[in-house]
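Dear colleague,

Please find below the structure that I am handing over to you. My notes on what was found in it follow directly after.

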Amino acid sequence: MAKKHEILREIKQLDIKLQNMDREKATHLYSKRNDFRQDFAHLEDIDLKLSHERKTEKIKTKQQLDKIRNMVRRFRRELQDVKPTPEFVEKLKIIMEDIESTVSAFKEQQRDSYEEMMREERIAMQEISTINKKIETWSQMPNTLAEPKPSHVNKPLTSARDVTKDLPSEVAAFERFLEQTGGHRGGWDEYDHQTFLKCRNKHKGKPLFIRECVPSIPTRSEQQIREHEDWFQEYQTLNEKKKQAIRKWRTIKQYEKAEALAHVEEDSSSEDDEIKAEQAEQLEQERKEKLAKVNAWKVQKELEKAEQEEKRLKEELRQVIAKESERKKQIEKRAEIEKYRQQKQEEEDILKLAEEMQEEVELDLKRQQRERDMPRLQQRNQRILEQKLEREKAKVEAEKEKRERLERIKGQVEVDVKRDPSRLYKMTKGWEERNKSKRTESGGPVLHMPHRAVPSWRAGLH
């Protein structure tokens with residue numbers, strides 16, 4: 001897993017470098033403002049063609065990987081429903097052979113592609129080495145081609161001398177330094193020089209920043225960056241001397257101008273001379289004070305600007321570090337989650353496969369047990385059936401005997417009862433006796449008989 005993260009990190013760094021190179025190439029070679037754009041038109045067409053081929057190859061590679069991934073997923077789905085049959089085992093074997101052949105073909109194709117690219121890289125490196133040797137040979141040859149055209153070479157120098165003839169020697173030295181070393185950027189382009197200054201300001205000019213600049217400026221080597229640092233230090237020194245010389249030269253010029261004005265007006269009165277001298281001195285003093293204030297203000301502004309730039313760079317660096325740290329944490333968490341998920345999935349697959357196999361074994365054992373118990377159960381069921389039939393037969397025989405016994409009893413006892421319908425309307429013997437008890441011995445009705453008090457809920461009941 002650590003090796004995988006390292007490879008992914010290296011791929012990302014190479015991708016960033018490729019993007020930087022593409023951006024610089026589009027800025028310096030294919031820009032519409034470039035005077036030599038027509039010379040690079042053929043190179044731009046080749047670059048576009050190669051980019052299109054690279055994108056096409058990337059899409060094809062992704063399709064092949066998706067195909068392999070789908071085959072592996074299909075194999076996993078088949079493993080979730082394991083059947084201990086020869087057909088199922090043969091099916092799994094065919095799927096595994098297809099996956100293995102596809103992966104082998106993909107690896108072989110990638111190996112051939114990488115070998116072809118390595119061979120092209122070796123050829124390109126040999127061509128570059130040959131061209132470098134030729135350039136070194138040309139640089140060591142005597143410069144005879146420049147001699148027949150001295151006028152074209154001397155024109156800029158003459159112009160520079162004409163411009164700087166009235167300036168101090170420090171200014172002329174600075175101009176000659178710029179002319180010899182490639183201008184205010186030392187022969188570098190704007191992007192590389194600005195990146196160099198950002199790294200230098202970030203580390204406050206410490207030698208450590210050179211190593212930090214190497215990844216940020218992929219078009220320059222560490223030796224070139226060191227040479228540019230030496231050039232920049234000399235550039236700052238000469239620039240500071242030029243500024244001091246210009247300030248001194250302006251002061252002298254103004255002083256000479258004031259003296260000339262003073263000599264022109266010598267014929268005026270002494271009072272006017274004294275007043276003018278005082279005014280000139282006062283003006284000179286005010287000018288010096290203003291100049292000192294302006295210089296102090298400029299220095300303060302430069303310091304404030306440098307501090308703000310440093311704070312901004314620190315904040316950007318802090319944000320980048322925080323984002324990178326958060327991204328690394330997220331990648332590690334995703335990797336851990338994916339690893340845990342895969343582990344759980346594998347454990348679940350194994351458990352499910354074991355459970356299915358256990359169920360198959362249990363079903364097989366039950367089937368074998370049923371086959372062994374089948375004769376015994378059939379005998380038991382036959383015995384129970386016979387016992388039930390015997391009980392039903394005995395019950396039927398008992399009912400038959402009962403009916404026969406009742407028939408015999410009826411035949412022995414004869415009952416002869418005559419029909420008398422009027423008997424239904426006659427009073428029973430009990431009712432007649434009851435009516436008799438309500439009369440007295442004299443035969444008259446009883447008027448009053450003492451008895452205990454009857455509760456209200458029993459009143460009217462007999």
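Of the 462 residues in the protein chain, 13% are buried. Please bear in mind that this is a predicted model. The mean pLDDT of the chain is 78, and 84% of its residues reach 70 or more. Residues 143-163 call for caution: their pLDDT is below 50, and beyond near neighbours in sequence this stretch has three contacts in the model.

Overall architecture

The protein chain contains ten helices and zero strands.

In soluble globular proteins, nonpolar side chains tend to be buried together. Here, the largest nonpolar core has 16 residues, and those with the most contacts inside it are Phe-177, Phe-196, Phe-209, Cys-213, Ile-225, Phe-232 and Tyr-235. Two or more residues of this core come from each of helix 5 (169-181), helix 6 (190-202), helix 7 (209-216) and helix 8 (222-264). Helix 8 provides the largest share, with five residues. As for Ile-225, leaving aside residues up to four places away in sequence, this residue touches Trp-188, Phe-196, Ile-210, Cys-213, Val-214 and Arg-220. There is also a second, separate core of six residues, which includes Met-71, Phe-88, Leu-92 and Ile-95.

The largest pocket

The largest pocket holds about 2,400 Å³ of space. Its lining is formed by 40 residues, and Leu-18, Leu-50, Arg-54, Glu-57 and Met-117 lie nearest the centre of the pocket. Helix 2 gives the most, with 15 residues.

A position in helix 9

Glu-348 is located in helix 9, which spans residues 270-412. Is Glu-348 buried, partly exposed or exposed? Its relative accessibility is 46%, so Glu-348 counts as partly exposed; the class in question lies between the limits of 20% and 50%. Glu-348 and Gln-80 are 268 residues apart along the chain, yet their C-alpha atoms are separated by 9.6 Å.

With kind regards

Notes
Residues numbered from 1 in each chain as written. Predicted model: local features only at pLDDT ≥ 70, side-chain atom pairs only at ≥ 80, totals over all residues. Heavy atoms only, no water. pLDDT = per-residue confidence, 0-100. Contact = heavy atoms within 4.5 Å. 1 Å grid on protein atoms, 1.4 Å probe; cavity = no way out; pocket = protein on both sides within 12 Å on 5 of 7 lines; lining within 4 Å. Points joined across faces, edges and corners; volume = space filled by probe spheres on them. Helix = DSSP H or I, 4+ residues; strand = E, 2+ residues; numbered from the N terminus. Core = buried A, V, L, I, M, F, W, Y, C linked by side-chain atoms within 4.5 Å. Buried < 20%, exposed > 50% of the residue type's maximum accessible area, 1.4 Å probe, protein only.
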